[in-house]
Amino acid sequence: MTSLSTKSIVFHKLIRNVNNYAKRMSSHFIYYPDKERPVDGETTKMNMMQAINNAMDITLKNNPTAVLFGEDVAFGGVFRCALGLQEKYGKDRVFNTPLCEQGIAGFGIGLATAGATAIAEIQFADYIFPAFDQIVNEAAKARYRSGGEYDSGALTVRAPCSAVGHGGLYHSQSPEAFFAHVPGLRVVVPRGPIAAKGLLLACIRERDPCVFLEPKILYRSAAEEVPVEDYTLPLGKAQTLRVGAAATLVGWGTQVHVLLEVADMARDKLGVSCDVIDLQSILPWDEETVCNSVKKTGRCLISHEAPLTSGFGAELAATVQEECFLHLEAPIARVTGWDAPFPHVFEPFYLPDKWRCYQALIQLINY
Amino acid sequence: MALKTGASFVKLNAFRRAARLLSTRTRPETAQNGGGKIAEFPGARAPYVSEMKFFNETSYEPIPIYRVMDNNGQIIDKNEEPNLDKATLINMYKTMVQLSHMDKILYESQRQGRISFYMTNYGEEGIHIGSASALSPKDLVFSQYREVGVFLYRGMTVTELVNQCYGNCEDPGKGRQMPVHYGSKHHNMVTISSPLGTQMPQAVGAAYAYKRVPNNDRCVICYFGDGAASEGDAHAAFNFAATLDCPVIMLCRNNGYAISTPTSEQYRGDGIASRGPALGLHTLRVDGTDTLAVHNAVKRARDFTVANNKPVLIEAMAYRVGHHSTSDDSSAYRSVEEIQKWTKDESPLQKFKLYLEHKGYWDAETEKAWSKEARDTVVRTMQEAEKKKKPNWKEMLEDVYYEMPPRLQKQMKQMEEHLKKYPEHYPLNQHESD
């Protein structure tokens with residue numbers, strides 16, 4: 001454990017240096033590796049891309065019906081998440097599709113309908129919208145409309161999401177709120193390799209269709225000691241990463257790391273401690289963990305990269321207000337992307353970075 | 001021209017020849033650069049030419065319509081008559097008659113406000129029964145909504161179908177979907193949904209899953225209309241089916257209309273069939289009012305697709321004799337004469353009946369008796385269906401997820417408490433209770 005934490009400090013410094021060096025590229029967060037392991041046993045250092053690859057490897061190995069498909073997955077995928085899997089499991093299990101997102105989603109639903117496990121990749125979450133009809137009208141409603149006779153539970157749609165430093169309008173979006181309005185779907189966003197492996201394996205095995213959004217900036221920049229063996233993390237459950245009394249900070253994906261740093265800043269500069277919660281599951285989401293925390297702290301800051309209006313923060317804020325009204329000592333703060341398309345050269349001004357979150361936290365505490 | 005002799009077209013060898021002819025004859029007859037040298041572009045294998053020629057819908061002969069019998073139920077080419085035994089033929093015809101009576105009575109019951117919505121199948125019964133009779137019961141069916149004959153032929157009872165239309169407690173769909181959105185796991189019929197074309201890439205995915213099962217002997221059939229074929233999902237499905245080598249039959253019911261939109265406003269090419277070869281699908285166009293022709297086509301397609309893991313596209317030509325649905329009055333956009341022509345001369349029921357009569361399997365008396373029985377079955381079933389209660393209101397929140405999430409449990413509780421307080425404002429007595 002000691003050597004591990006030393007390692008993580010070194011890694012920490014390295015990332016900080018890289019980030020300082022390339023300010024425009026990825027200046028908005030420091031990666032906080034997970035220190036706790038969901039299971040005992042052997043671990044190996046993996047970045048998030050490798051952890052996702054590992055989860056799919058385990059699935060393809062243990063489940064003969066499982067197939068992995070999408071645009072350019074055969075050679076390993078444009079983010080290398082499927083690296084080596086076609087060589088290992090064959091061309092009929094890991095394969096390219098024509099360039100057509102509605103086809104990919106529909107094809108995946110069909111596989112699931114016929115009893116196979118389908119892992120579909122949409123190359124960027126920005127391009128999931130052509131598949132919106134198949135995901136929203138078909139996958140999400142299949143069990144309900146058939147009275148339980150058919151379902152799309154064996155379908156998992158993976159898509160890289162969120163800011164990457166220079167992605168502009170169509171390589172940066174965080175579309176989770178669009179899907180959070182769809183009963184029947186599960187929407188999940190991991191914050192790093194350990195979570196990604198456990199949550200992806202849970203999504204693949206879950207009997208409901210899942211949209212698994214992978215913050216692409218973490219694919220290579222996030223690395224930590226990931227258990228080698230098969231494990232899952234529970235869906236619909238948030239994780240409390242820091243415990244404090246001054247405020248509750250809620251986020252998911254990359255933004256969790258921004259909030260962890262904000263909590264450090266608050267500790268160092270203001271001498272207060274915060275609860276930091278990684279929501280992990282956007283739908284269905286863990287109302288209990290969030291509301292219990294806010295009842296304790298009396299203050300709540302929600303932060304996400306997606307635009308403010310009708311972002312998932314709105315749902316959280318409304319529920320917290322309803323459930324924790326008598327405990328709230330300040331209005332709920334939402335620090336998010338602006339209500340504009342995700343811009344190219346203005347990304348540093350667009351993102352809800354630590355300074356914007358920190359300022360909001362100060363206002364929240366001083367209210 | 002092989003293309004012009006429709007009868008031999010269904011034979012796949014002949015079809016392959018025809019396909020070759022189709023492609024070669026359209027090449028401009030000019031001297032080719034480099035002596036017809038085939039270009040090495042990765043995207044297409046084709047010769048260079050020095051004369052510029054645009055290709056359009058008139059560059060190809062129209063794909064002919066395969067027929068087995070004429071309007072009088074007479075077999076045109078004895079070699080093409082399928083060897084169906086008497087019992088099968090009678091079952092096929094009886095199912096068509098049953099379907100048409102079910103349509104008539106349920107359509108009227110909607111007019112009387114007894115069910116909320118209905119869609120008839122008039123004019124397309126031949127497509128349903130011809131195709132269903134050529135499939136194995138194990139084959140998975142994805143349908144659009146105007147394929148009830150397939151459900152009936154596969155053994156779903158009128159009672160089960162009517163229960164769905166009423167959304168009563170015996171509807172396997174638990175009253176959640178509009179009428180005619182049938183489904184049956186037991187009969188390998190995937191539950192229908194309203195969004196058009198969505199079932200098409202799904203059928204392809206299911207076929208891919210079947211292909212991977214060792215010693216697979218199943219295929220998937222997917223029905224869709226000429227209007228749905230304009231959806232992006234149709235293009236996705238054709239292309240995925242071809243590139244991923246899937247044992248799937250894509251069966252288009254081209255009935256001339258998508259609600260009020262005639263095919264002249266739906267497409268400008270040679271119908272749906274012409275898209276098949278363009279995307280690499282084995283393709284056939286068939287007379288959808290000729291039940292035997294549809295049977296032959298689907299049977300051949302099934303044998304081919306299961307043996308080769310290659311998709312087949314069948315375009316069955318028909319005419320939508322009825323209104324689009326009970327929410328539509330088709331006289332607003334087409335003439336009564338046009339409808340009558342198709343009702344009189346081109347009825348799939350009439351043609352099939354005449355065929356059975358020529359064979360001595362059917363007569364006026366049997367017709368009368370079966371007609372009465374078919375009608376009585378529907379009427380009796382409807383009376384029973386009307387008496388059955390609707391499902392417990394709690395079914396409204398079940399099956400959204402495999403397990404009900406806490407938030408939904410909370411909402412269930414909220415509604416329960418609300419109904420305790422205001423029961424008189426809700427139709428609770430029409431529903432089953434705990």
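Student: Where is D245(B) found?
Tutor: In this predicted model, D245(B) sits in the loop of chain B between α8 (232-243) and β3 (248-254).

Student: What is the phi of D245(B)?
Tutor: The phi of D245(B) is positive, about 50 degrees, although the residue is not a glycine.

Student: And is D245(B) buried or partly exposed?
Tutor: D245(B) counts as partly exposed, because its relative accessibility is 27%.

Student: What about N215(B), where does it lie?
Tutor: N215(B) lies in the loop between α7 (199-211) and β2 (220-225) of chain B. N215(B) is not a glycine either, yet it has a positive phi of about 55 degrees. With a relative accessible area of 76%, N215(B) is exposed.

Student: Changing topic to α13(B): which of its residues are buried?
Tutor: The buried residues in α13(B) are E367(B), W370(B), S371(B), A374(B), T377(B), V378(B), T381(B), M382(B) and A385(B).

Student: How does the span of α13(B) agree with its 24 residues?
Tutor: Helix α13 of chain B covers residues 364-387, and at 1.5 Å a residue it should span 34 Å. Its end C-alpha atoms are 35 Å apart, which agrees.

Student: What does the side chain of D363(B) reach at the start of that helix?
Tutor: A side-chain oxygen of D363(B) comes within 3.1 Å of the backbone nitrogen of E365(B), at the start of α13(B).

Student: Now cysteines. How many disulfides does the structure hold?
Tutor: The structure holds zero disulfides over all chains.

Student: Which residues does the cis peptide bond join?
Tutor: The cis peptide bond joins L283(A) and P284(A), with omega about -20 degrees. P284(A) is in the loop between β12 (281-283) and α12 (287-297) of chain A.

Student: Last one: what does UniProt place at residues 46-221 of chain A?
Tutor: The unreviewed UniProt entry places the feature "domain: Transketolase-like pyrimidine-binding" there. That span is 38% helix and 16% strand, and its end C-alpha atoms lie 10 Å apart.

Note on methods
Residues are numbered from 1 along each chain as its sequence is written. Chains are lettered from A and ligands numbered from 1 in the order in which they are written. This is a predicted model: local features need pLDDT of at least 70, side-chain atom pairs count only at pLDDT 80 or more; totals for chains, interfaces and linings use all residues. Side-chain values use heavy atoms; hydrogens and water are left out. UniProt positions are given in the numbering used here, feature names are shortened, and annotations may be inferred rather than shown by experiment. Helices (H or I, at least four residues) and strands (E, at least two) are DSSP runs, numbered from the N terminus. A disulfide is a pair of cysteine sulfur atoms within 2.5 Å. The expected span of a helix is 1.5 Å times one less than its number of residues. Buried means under 20% relative accessible area, exposed over 50%, partly exposed in between (1.4 Å probe, protein chains only). A polar contact is a pair of N or O atoms within 3.5 Å; within protein, one must be able to donate a hydrogen and the other to accept it, and residues adjacent in sequence count only if both atoms are side-chain atoms.
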